[in-house]
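Open the model in a viewer and keep the selection tool at hand. The stops below say what to select next and what is there.

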Amino acid sequence: MTAALVPAFIALGACMAVLPLLNRDNVFARSLMTGMSFILMARYFYWRLTQSLPEVAMTADCLVGYPFMLVEAASLIGVATSLLFLSRTIDRSTGVKAMDPRPKEHLPLIDVFICTYNEERAILERTIIGATGMSYGNYRVWVLDDGRRPWLKDLAGELGCRYLTRADNRHAKAGNINNALQQVGKLEERPHFISILDADFVPRPDFLTRAMGVVTDDSIGVVQTPQHFINPDPIQTNLAAAEVWPDEQRFFFDILMPAKDAWGVAFCCGTSSVIRYAALTQIGGFPTDSVTEDYLLSLRLKERGFRTVYLNERLTLGLAPEGLKEYITQRGRWCLGLVQIVRGRSGPFSARSSLSVIDRLSLIDAFLAWAAVYGMKVLGLIVPWLFLLFGIRAVHADLFELLQYFLPFYVWNAFTMAWISRGRALAIMTDVSQYIAAPAILKAVATGLARPKGHKFKVTAKGGDRNRRFIEWPLLRIYGTALAITLAAIAYAFIIHLRGENIAYGGLALGWSLYNCVVLSIVCFVCIEQPRQRKAERFARDEPILIDDGNNVRLFRLADISITGARFTDHAPPPIGAQVGCQVYGRSIVATVVRRTYDGFAVRFDESVGARVQAVRAFYAGEYVHSFRGVRATPVGKALLMRMFG
């Protein structure tokens, strides 16, 4: 046993000795760590191919073992391509001008498109207010309403932006944008750029100014910025881990996209982007042959010589999917769209495309991240069952051999990913998020490969009533059953029907199954949707705010704030019902004192149009969203234990 663990201990010691000395933004340092991960992975897979496969014969071991090895090989190829891209990174913030000094008439005109289908008024109102309050000097805001709602036309006029709709919903979001492109193309003053905002994404005042600061030459077709969320996603909420674990998209936007940009293969993610209008007209607008028209847009522009660059700054704030059903729908759509791209004329193996080798490799990397990795996750549940219940040995190795060859790679790669991502990549949490979406992902892969055309765009629902606890039964049935089978298989093999073979080789299946039990237990807890009591997220603060209560003006201590109200601490609060004026981020907001608290008072912001405009712009100008500079495993583990046993 000790001898089998020696390579892993060496890897662990080397990581602990080397990582504190390395700069995670340095190409050599990243290449050193990812390169060693690749070497240890190659060592493991060589052993896997030469020492652990069953004999070729018409046996159950062979019929299970070889397909499992092929899926594992595809998964490891996906890991290898990810390591390649993560060996570089780039930060474009240092080259962005703080403010364009040119007068308004010399600034490029930008048309901001707010794309909407069925979102509720409160969501759209704050997006429009944010969009019409940006500091960039030359832009127009358009609401693109695919829901054809008269009240939204009135709201757009009330808030000072333009409104467009169309007779049908052909090609969904891409068709909606293309219709708007045709309309603005008929105007006397055409835009130089367009900016896309989803209905729930509120831009900060400097969004356009910062994004345009990256446009240094005419080859830049798209500037993409990250998606940040003002609310926790379902995994954070249902595990009560929002304070210690970031939303699931942080690894993609904070780590992977800067790495892709460093290789020249960053891509458009739809919302929160700025796109060159002339480049769009060259390719005929947004492509409509994928439900992820944004990624495909970058590929079509790349074929015409236009680059996509990535500015990793928090410039817009949106809503993460608020429930598991919406979360799964969104991931399934992304996966289906990527598979459609892979099967299409701009795919990695297409002879019709002029994409470079690295662009094609990036597409392969994305495809394997969906198809192979999620497929491996499902087989990782089934293969141990087959041995424990039926004696089918897909892997002809014992636990000690696996510890000797696999564990060094696992340890090194886990430390490497945690170091590169500042803790945003923890194996157990990654597995949880992947299992949550796995049924929808594998269905999307199969559907997209078999029938790449003719799929409808499924909108991710936002808003609605979420103030009660409920159980996502379809998902819980799947993973509750998987957990029960895993526990039953362990009991059968090691208690009910103990055999010598189980003792000799069962350590591998047992260790594997016990880890699966932990992950499946967490997944089952995620399936219990926790209530969200507030329509507006509330953030704790500790800062002085100037308040005019009608008699005098003095400083109060802000305790927390939301888009609809705030709470202050003070020993002598104004009376309930009093009208006060609050100075928040340089904006005057009218509010009413609605209740006393044990240490102060709470106010509700006035609901008149002018007050709502001031409240929204002040709120989204603040730094209220929790920013994770780094994530540590211990608080995450404590949060999981508290959720499961607390």
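**Stop 1: a three-strand sheet**

Select the open sheet whose three strands come in the order E5-E10-E7, with mixed pairing. Strands E5 and E7 (228-229) are at its edges with a single partner strand each, so one side of each has no neighbour in the sheet. Helices (H or I, at least four residues) and strands (E, at least two) are DSSP runs, numbered from the N terminus, and two strands pair if DSSP finds at least two bridges between them. This is a predicted model, in which local features need pLDDT of at least 70 and side-chain atom pairs count only at pLDDT 80 or more, while totals for chains, interfaces and linings use all residues. Residues are numbered from 1 along each chain as its sequence is written, and side-chain values use heavy atoms, with hydrogens and water left out.

Now pick E5 together with strand E10 (residues 316-318): the two run antiparallel and are joined by two bridges. Val 202 has Leu 317 in E10 as its bridge partner.

**Stop 2: helix H4**

Buried means under 20% relative accessible area, exposed over 50%, and partly exposed in between (1.4 Å probe, protein chains only). Among the buried residues of H4 are Glu 125 and Arg 126, along with Ile 123, Leu 124 and Ile 128.

**Stop 3: the loop at Asp 247**

Select Asp 247, in the loop between helix H8 (234-238) and helix H9 (250-262). Is Asp 247 buried or exposed? Its relative accessibility is 11%, so Asp 247 counts as buried. Leaving out residues up to four places away in sequence, Asp 247 touches Phe 229, Asp 233 and Gln 236; contact means heavy atoms within 4.5 Å.

**Stop 4: two helix pairs**

Show helix H2 (residues 27-51) with helix H14 (residues 399-420). Their axes are 9 Å apart and they pack at an angle of about 160°. Axes are lines fitted to C-alpha atoms, for helices over the stretch in contact, and angles run from 0 to 180 degrees between N-to-C directions. H2 and H14 are therefore roughly antiparallel; angles under 35 degrees count as roughly parallel, over 145 as roughly antiparallel, 65 to 115 as roughly perpendicular and the rest as oblique. The crossing of H2 past H14 is left-handed, meaning that the near helix is turned anticlockwise from the far one by less than a right angle (clockwise for right-handed). To display the contact, select residues including Met 33, Tyr 44 and Trp 47 in H2 and Tyr 405, Phe 409 and Trp 412 in H14.

Next take helix H3 (residues 60-86) and helix H13 (residues 357-390), whose axes come within 7 Å and cross at roughly 140°. That angle makes H3 oblique to H13. This crossing, too, is left-handed. The contact includes Phe 68, Gly 78 and Phe 85 of H3, and Leu 368, Gly 375 and Leu 379 of H13.

**Stop 5: the barrel**

Select the six strands of the closed barrel, E13-E14-E15-E18-E17-E16, which pair antiparallel. From one strand to the next, the twist averages 45°. Helix H18 (residues 609-621) packs on the sheet, touching strand E13 (539-548), strand E14 (553-561), strand E16 (579-584), E17 and E18, and its direction makes about 90° with that of E17.

Look for Thr 592 opposite Arg 604 in E18.

Then go to the loop between strand E15 (565-569) and E16, where Ala 572 is found. Ala 572 is partly exposed, at a relative accessible area of 36%. Apart from neighbours within four places in sequence, Ala 572 is in contact with Arg 554 and Phe 556. The C-alpha atom of Ala 572 lies 9.4 Å from that of Asp 599, 27 residues apart along the chain.

**Stop 6: the cysteines**

How many disulfides does the model have? The count is zero, where a disulfide is a pair of cysteine sulfur atoms within 2.5 Å. For Cys 517, the nearest cysteine sulfur is that of Cys 524, 10 Å away. Cys 517 is buried, at 9% relative accessibility. The sulfur of Cys 527 is 5.9 Å from its closest cysteine sulfur, in Cys 524, which is too far for a bond. Cys 527 is also buried, with 0% relative accessibility.
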